[in-house]
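Q: Please take a close look at the charged side-chain pairs here. Which residues form them, and where do they sit?

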Amino acid sequence: MTEVGRVDAGSAVEDHGYRPAPDGVRANMIFSADGAAAFQDRAGPLSCPADQRLLVALRAYADVVLVGAGTARAERYGPVRLSPAHREQRIALGLSEQPPPIAVVSQSGKLPDTMFGSAPPLLITSARSARDNPEVQATPCQVLTCGEDAVDIPDALAQLRDRGLRRVLCEGGPTLLDELVGADLVDELCVTLAPKLAGSQPLGRGTPSTLPAPAGLTLRHLLISEDDYLFLRYGRRL
């Protein structure tokens, strides 16, 4: 049964059914009403305060945040920061009160300086890149080698699970989400639909999907904000 509700200025969207995170991959994306995943290479212009609060909260419920290097560079990613309330929620969920690490998928090893705080991110790359790329070899990140010539996403998730990082929040970009969908690894999809028109905003490499047919999802809840944003949470169809 789908839960439908409205969220006004005095209500927090993250309090409506997002806790706890699933054991697996939860993807969080924003799209304009005409289907753009970003505007001028950034998701920020599509977002709103409620969406930003939800982004922070979803991070608080995860063991690790997974992101592509292009998105990390475009959005100037930094380490995850938690409020005291989110730390308390993590403890109540049986999680560490420490912020979840960020794991970045990158062949180049080029990460924004903003990502390097007290705890360096995890760098997920291929064996070829780890062997031949001086930038990867010099990185202060913990390096996970997954795949020979290209990053093997299923292997990356398996290695994260081996580290106890079972609740994965994927924040994109579209290319990384495509790879997760193509490997049938998305357990839950949180979508913010922005009441904006963005026009054509090409992102990712545009490789055709290898899925034999679209994968079915079940709508778990739908929230409508007072500024006409839609917040949808889909789960795998059982």
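A: In this predicted model, Glu-75 is partly exposed, at 23% relative accessibility. Arg-42 is partly exposed as well, with a value of 37%. Glu-75 and Arg-42 form a salt bridge in which the closest N and O atoms are 3.6 Å apart. Glu-75 belongs to the loop between helix H2 (69-74) and helix H3 (84-92), and Arg-42 to the loop between strand E2 (24-32) and helix H1 (49-60), so their pairing ties together parts 33 residues apart in sequence.

The search of the whole structure finds 11 salt bridges. Another of them joins Arg-236 to Asp-184, at 3.0 Å from N to O. This pair links distant parts of the chain, 52 residues apart: Arg-236 is in strand E10 (residues 230-236), while Asp-184 is in the loop between helix H7 (174-182) and strand E8 (188-194). Arg-236 counts as partly exposed at 28% relative accessibility, and Asp-184 also counts as partly exposed, at 46%.

Strands E8 and E10 also supply a pair: Glu-188 lies in E8 and Arg-233 in E10, so parts 45 residues apart in sequence are tied together. The N to O distance in this salt bridge between Glu-188 and Arg-233 is 3.1 Å. Both Glu-188 and Arg-233 are buried.

Methods: Residues are numbered from 1 along each chain as its sequence is written. This is a predicted model: local features need pLDDT of at least 70, side-chain atom pairs count only at pLDDT 80 or more; totals for chains, interfaces and linings use all residues. Side-chain values use heavy atoms; hydrogens and water are left out. A salt bridge is a side-chain nitrogen of Lys or Arg within 4 Å of a carboxyl oxygen of Asp or Glu. Helices (H or I, at least four residues) and strands (E, at least two) are DSSP runs, numbered from the N terminus. Buried means under 20% relative accessible area, exposed over 50%, partly exposed in between (1.4 Å probe, protein chains only).
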